Amino acid sequence: MYVKMYKGEALKMILTYALASIIVAWILVPLGLIFISAFAVPKEYYNIRKLIPLAFTTENVYTLLFVLKAWKSTLNSLIVAGLTIAISFALGLPTGYSLARFMFKGKDTFKLLIIGLRMFPVIVLAIPFTVIYLKIGLADTLIGVALAHTAMSLPFVVLITSSLFSGIPVDYEEAGMVFGLSRFEAFFRITLPLALPGLAAAAIFVFIMSWNEVFIASVLVLVNRTLPADILVSALNAPDPLKFAAGFIMVLPAMIFVFFARKYLIQVWGITIR
Amino acid sequence: MGVFIGYPILETIRLAFTHPYTGEISLYNFQRLSRDFHFWNALKYTFLLAGIVIPIQVTLALGVSLLLLRRFKGSNMVLYIFLIPLTISDVAAALIWYNILTGNGYLNRILINLGLLKSPLHFFGYQYRSMEILAIVITEVWRATAIVFVIIFAGLQMIGKEYLEAADVFGASTYQKFRYIILPMIKPSLQTALIIRTLFAMQIFGVVWILAGRDIPILAGETYYWQIELKNPNVAAAYSLIIACISIFLGFLYIKLLKPEYLER
């Protein structure tokens, strides 16, 4: 496309790359440093004359997980995230599908309501949930946290699934039905497989929301804490290397997921903010 | 949806207007709040943090969007990297920046080893509250600029090339293109970004709680404190109701103030 690079153009390119490098460093350096600190030998970390600790150990992560039993709260976080995905998809997927496929009275109002709800401050939900849970016996349970997280993620699941299903032509299903599939078979054998990568990205989105959520989790559960809630309470008293180990464990799963699903995730984020 | 969100809202209102000891309907919780200097400080700091953080985030997000709009080799990689903080929780982001800014942190290591400082800079602790605010601002800008960016970038990508090409034909300067084409056309995205960020800013909690505890009181932190430490769900509900009302009010304000302008009428 460009035959000749003019001097001005070259300068612009250099400037572009310089700025791009600054952006990349601004994000990656802090991340890299928490990885280093999480695995640094504490003695090296506390020696301020060392620019960067160079001796590494898994001791910090080990102590955090197995001596301070953070593996329990990590497991709790995984359970809550799994339940949240299951419940919010069980409720949100059919809703999203019907929004994409069927006309019904009040559809526009319903859509607007969902779009409004995704901005609803979740903090407001946490306090009444504690009172309601005491009444119905869900106080201090993981399923209780998962239900509250579902309230937070459901509008997103409905929006994402309805947008995904709208993107799959209804003709495919109709063709299947012409060849003798029932409506349900047509959905499960044609539409669902086509929507699967997008749905997986949506599930990751919900996982990240739940895994990262701290306010609701720390208000609703006092004994079986999730990881962020556990850290929130214990971080203030823990020695620094353990804090960094905690930061590392919190960051890790989300980053792995994002690495594998980055293209789809951008699409999903695009839908949720439209 | 009604069960999940509607009923809890009603329950919040009921709790907030119920006297914690007698169980009567009363304004007691709100009177109690208004006499508590922590409440006024929480209000002040929540707005102060939002007022500092959001303009920085919007400017930065707009800058990065304009940069990444010029497609260059590796621009997609920069995009993905800039989006990483979207997946990082407020608690983790706070720990990440605590790692850099604390007494033994990397900032102090660099400054001391270069001989620029004799003793470490202090960012944390009650007597260093203005530094704590700085640390919170840095963390929030690092963590949550990505969401503003996603919205603005999406808006920018929808601007038709024809407009900018037409402007080039008429010899418009870069500033003129920005001011009269790009800015009006991304106004709806800007509005969405501002609303979302402001509402989230009203709920700021994890970052402040980890970095400053109650040194910097904030509305959500006080809600947590009244609920967990003081075990008073009524005052906590009053706090969350106030957060909800402020959020709704600010949402409407943005919608009224930022009416979209159209290039073609």
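1. The contact between the two chains takes 57 residues from chain A and 66 residues from chain B, where two residues are in contact if their C-beta atoms, placed from the backbone, lie within 7 Å. The model is predicted: local features need pLDDT of at least 70 and side-chain atom pairs count only at pLDDT 80 or more, while totals for chains, interfaces and linings use all residues. Residues are numbered from 1 along each chain as its sequence is written, and chains are lettered from A and ligands numbered from 1 in the order in which they are written.

2. On the side of chain A that touches chain B, the elements giving two or more residues are α1, α2, α6 (123–136), α7 (142–166), α9 (183–212), α10 (215–220), α11 (227–234) and α12 (240–273) of chain A. Helices (H or I, at least four residues) and strands (E, at least two) are DSSP runs, numbered from the N terminus. The largest share of this side, 14 residues, is supplied by α12(A). By class, the side of chain A that touches chain B has 46 nonpolar, 7 polar and 4 charged residues; Ala, Val, Leu, Ile, Met, Phe, Trp, Tyr, Cys and Pro count as nonpolar, Asp, Glu, Lys and Arg as charged, and the others, Gly among them, as polar.

3. Chain A has 12 helices and 0 strands. Its radius of gyration is 24 Å, whereas a compact globule of 274 residues would have one near 19 Å (taken over C-alpha atoms; the globule rule is 2.2 Å times the number of residues to the power 0.38). Along the principal axes, the C-alpha atoms of chain A fill a box of roughly 75 × 75 × 35 Å.

4. Chain A is assigned domain 1 (1–57) and domain 2 (68–273), with bounds that come from an automatic or database domain assignment. The C-alpha centres of domain 1 of chain A and domain 2 of chain A are 33 Å apart. Their contact takes 7 residues from domain 1 of chain A and 6 residues from domain 2 of chain A. On the domain 1 side, α1 (7–39) and α2 (42–46) of chain A each give two or more residues, and α1(A) gives the most, with 4 residues. That side has 6 nonpolar, 1 polar and no charged residues.

5. Within chain A, helix α4 (residues 70–101) packs against α7(A) at an angle of about 35°, with the axes 6 Å apart. Axes are lines fitted to C-alpha atoms, for helices over the stretch in contact, and angles run from 0 to 180 degrees between N-to-C directions. The crossing of α4(A) and α7(A) is right-handed (left-handed if the near helix is turned anticlockwise from the far one by less than a right angle, right-handed if clockwise). The contact of α4(A) with α7(A) has 19 nonpolar, 12 polar and 1 charged residues.

6. The axes of helix α8 (residues 170–178) of chain A and α9(A) come within 9 Å and cross at roughly 125°. That makes α8(A) oblique to α9(A); angles under 35 degrees count as roughly parallel, over 145 as roughly antiparallel, 65 to 115 as roughly perpendicular and the rest as oblique. In this contact, A:Y172, A:E173, A:G176 and A:M177 in α8(A) meet residues of α9(A), including A:R183 and A:F187. The contact of α8(A) with α9(A) has 5 nonpolar, 2 polar and 3 charged residues.

7. In chain B, helix α5 (residues 90–101) and helix α7 (residues 129–157) pack at an angle of about 125°, with their axes 9 Å apart. α5(B) and α7(B) are therefore oblique to each other. Residues meeting there include B:W97 in α5(B) and B:W142 in α7(B).
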